[in-house]
Amino acid sequence: MNRPLRVTVVAPYGVIGGAELWILSLLDVTDRLDADAVLLADGPLRKQFERRGVPCALRPTGRSVPELAGAAVWLARRLRAGRPDVVLANGVKAATVAAPAARLCAVPCVWAKHDHSFDGPLTRALAAVTDGCIGTEPGLVAASLHPRAALVPVPAPSGQPLPRQAARAELSRRGARLDGDERLLLTISRLVSYKGVDDAVQALARPGGLGWRLAVIGPDDPSDPGERARLTALAERLGVADRVDFAGWVQDAWRLLPAADCVAVLTKPDGTGPGQEAFGGTAIEAMLNGVPVITTGPGSVADRVAGPAEAPPGGITVPPADPGRVADALGRLSDPATRTALGRAGRRRTADNPRPAECAGLLAQRLAEAAHLPGAGLRGSAPVSVVVTLLDQGMEVDRFLTLTLPQLTVGGDEIVLVDRGSTDDTLHRVAVRTSRDPRIRLLYRPGARPAAARDAGVGAAARESIACADADCVPAPDWLDRLRAAAAEPDPAAVLFGVCRVTGRGPVAEAMAAAYPLPEECRGVPGPWRRVHRLLFGPGPAAFGGQALAFTRRAWQDTGGFAGPPGTGTGLRFARAAERAGHRCAVVGSAEVRRELRTPLRHGAVTAFQEGLELGHLADRRQLAGTAVRAVGYALAVAASVRGRRAGTAAAANALGPGTAAPRLSASTDTDPPLSLWTGVVARTWALVPRRRDTGTGGPSRRAQAVAGRLAAVLRQRTDTTTGATPRVLRSAVPGVAQRRMLLATGVLAAARLSLPLARAVCLRRWRVLPAVPGAVGVLGAARAAGVLRGLAGRGARGRLPGDDRAGGTR
């Protein structure tokens, strides 16, 4: 079994409310999470964590910006020292502290949203800086505005409640003054004003509530320390103090619910809280025990209590902050038959509510996927078919089989080898292997392209779960086990990508390998400098792709297979088609293979060209726009630094493509480039972003021409009519900076571009390859850029955009 996921839980408060009971109940029933906790306020929650063996650190933090910032800095130091796999921020305040701290340390942060507090700008900001979001009910998932939000509901409690008489006796022992079988209204909540306990107290003084007694279970809340005294004074003023009792905090309070004749969940908007109950675990627990509920609406709890129109409700919904309607509901519930009918309806309505183990599995999966470690803490048991394509790779396939056969530990596992027409001893080696082990099968497809050969192997595979790898990959000893475990998640992704560690033999090959990210960089999120590097220079090569991946047969069928345009790769295109077909993709950062680059630089350049070719075929409009902006900037900087102002202008125009000729400038004048150049720059840059209605003629689209024309009209109005010179803002834009400054800027950009490859070489202690890294990175970058341009040209020739090919290719 894989090791558990290391999780740091950040809790905003020390009191025990619904959000705290949610995380405690899930930690109680899972061994997939190795948790430690950080509390931003002290209270009973710390003892609950310690009782469960969860290490706990306390950092008292208020609500002011300086205090929150100080806590974030402190937490960043702690995360950098502990290096957890993921951070779980249990609430808005916790996310405000944990999200920036985790981002500084390159640790994924998942935000658990429990209510509708701070919906608006803060929610949008947290959605932008967190790596995942968990909502405890569907409305919260939608309100989070997070693109990767998922549902992990509040579970039904595990265990059995106390019988009615035993529960009433326990309440009496805790201070409730129960007289025989007197009707009891019960509330379970923290003592804060927005929970609406005062409405229940006032309802007792109305006609409908005269025969009822109120018991309040829940702790005092430091954020509202005077609430208990306020409620006591209110009860005395209304003359119902002899029918209102406070039992304090009770461990597993849901076990006392059978003592009640009705449970009240009366959350209201009073300016101090979220305004409505998001999930209402108490309401669910009451309906599970057959106790009718009085709740406020509209809201998710009211929707759950009312249910569909054709079915009887599990309780009564009243407007918020309306004690009179609460009293009317109590009057209706004075009838035993009404209480029994509503209780039965509530029990039917909550019969399918998930149990703690199921919810804990969903939580562990969402956290593991955010950390790119799906399957952490799991052991898969489903058989897998491993498909490998071959072409003159006898030694490589021998090595692959030697390393993979011990990983076929489940009955029904198999390896399908697809030979594409080998002429060396590959077939002989495979024949020897198949004669010794019936789990190995061979298909012969001479002349087939890699994608078509892989499709043939998948079609012949006997299992529903399929893993594919290249023959020259060196799988780690647990590679297949990690993919199998990721497929055993409660809601597994249909496509799972392993990661590839690129190595080299010799200084040149090792220098080329430094251009590829390490698998450790995929197990988490990018740090601050990696984000800046990606912004300046694009995403670069990925550590995952078609070298090693797993998927379901259904996903393969829905995408139409791997076959695509000639010369392109297979992995990213397959993932894009799977996502269009409605399947989820995930990266398994622990499923590692190794690929060794050959020493000749030409071989690495060919590989980089093929990677760029696939990126060119798959780039979307946003990626194209970013690439175009970066390309223009690089062309201007290099041209200005090498050839000066005038040559830089001409090179910039030429770099933007044919059809934009720079005008000839007089050698005796120092005028700036005329307006036509700027018009052409805008037109050609806009034309780099393809449109569905482009004519395919190679010139700017009609939309680009229109935008350039409007810009030209504006520029003409601001141009000196006597000299024809362009405005000052444009004169300083391209070639107006001194050549030395441009050289310095170019050097800084080059150093920034090489920073990550050099850092990888230093991290691996490859000191001898450092002088070769700049040249190797430059060659690979140029080859990849050429591949991207070739892919864009091929896609333009076909006259379609990414997403137009809905079938994902034909087989």
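# Surface patch, salt bridges, sheet and aromatic rings

Q: Which residues form a nonpolar patch on the surface, with about 300 Å² of accessible area together?
A: The model is predicted: local features need pLDDT of at least 70, side-chain atom pairs count only at pLDDT 80 or more, and totals for chains, interfaces and linings use all residues. Patches consist of residues with over 30% relative accessible area and no salt bridge, joining like charges within 9 Å and nonpolar side chains (Val, Leu, Ile, Met, Phe, Trp, Tyr) within 5 Å; areas come from the Shrake-Rupley method with a 1.4 Å probe, and for residues only the protein chains shown count as cover. The nonpolar patch on the surface, with about 300 Å² of accessible area together, is formed by Trp 529, Val 532, Leu 536 and Leu 749.

Q: Which helix gives the most to the nonpolar patch?
A: Helices (H or I, at least four residues) and strands (E, at least two) are DSSP runs numbered from the N terminus. Leu 749 belongs to helix H28 (residues 739-763). The most, 3 residues, comes from residues 528-537, that is, helix H20.

Q: Is Leu 749 buried, partly exposed or exposed?
A: A residue is buried under 20% relative accessible area, exposed over 50% and partly exposed in between (1.4 Å probe, protein chains only). The relative accessibility of Leu 749 is 31%, so this residue counts as partly exposed.

Q: How many salt bridges does the structure hold?
A: A salt bridge places a side-chain nitrogen of Lys or Arg within 4 Å of a carboxyl oxygen of Asp or Glu. One of these pairs is Arg 46 with Glu 50, whose closest N and O atoms are 3.7 Å apart. The number of salt bridges in the structure is 39.

Q: How many residues apart are Asp 28 and Arg 52?
A: Asp 28 and Arg 52 form a salt bridge, with 2.5 Å between the closest N and O atoms. The pair links distant parts of the chain: Asp 28 is in the loop between helix H1 (18-27) and strand E2 (33-39), and Arg 52 is in the loop between helix H2 (44-51) and strand E3 (56-58), at a separation of 24 residues.

Q: Are Glu 369 and Arg 366 buried or exposed?
A: Glu 369 and Arg 366 form a salt bridge, their closest N and O atoms being 3.6 Å apart. About one helical turn separates them, because they are 3 residues apart in helix H14 (residues 356-370). Relative accessibility is 17% for Glu 369, which therefore counts as buried; Arg 366, with a relative accessible area of 17%, is likewise buried.

Q: What is the order of the open sheet of 6 strands?
A: Two strands pair if DSSP finds at least two bridges between them. Within this sheet the pairing is parallel, and the order is E10-E9-E8-E11-E12-E13.

Q: Which strands stand at the edges of this sheet?
A: Each edge strand has a single partner strand, so one side of each is left without a neighbour in the sheet. The strands at the edges are E10 (244-248) and E13 (315-318).

Q: By what angle are neighbouring strands of this sheet turned against each other on average?
A: Axes are lines fitted to C-alpha atoms, for helices over the stretch in contact, and angles between N-to-C directions run from 0 to 180 degrees. For neighbouring strands here, direction ignored, the average is 25°.

Q: Which residue in E11 stands opposite Leu 185?
A: Strand E8 (residues 183-188) and strand E11 (residues 262-265) pair in the parallel sense over 2 bridges. Opposite Leu 185 stands Cys 262.

Q: How are the rings of Phe 551 and Phe 562 arranged, edge-to-face or stacked?
A: Rings of Phe, Tyr and Trp (its six-membered ring) pair if their centres lie within 6.5 Å; planes under 30 degrees apart count as stacked, over 60 as edge-to-face and the rest as tilted. The search of the whole structure finds 4 aromatic pairs. The centres of Phe 551 and Phe 562 are 5.5 Å apart and their planes stand at 65°, so the pair is edge-to-face.

Q: Which residues form one aromatic cluster?
A: Both Phe 551 and Phe 562 are buried. Phe 562 and Phe 574 form a stacked pair, 4.3 Å centre to centre with 20° between the planes. This pair links distant parts of the chain, 12 residues apart, with Phe 562 in the loop between H21 and H22 and Phe 574 in helix H22. The members of the one aromatic cluster are Phe 551, Phe 562 and Phe 574.

How values were computed:
Residues are numbered from 1 along each chain as its sequence is written. Side-chain values use heavy atoms; hydrogens and water are left out.
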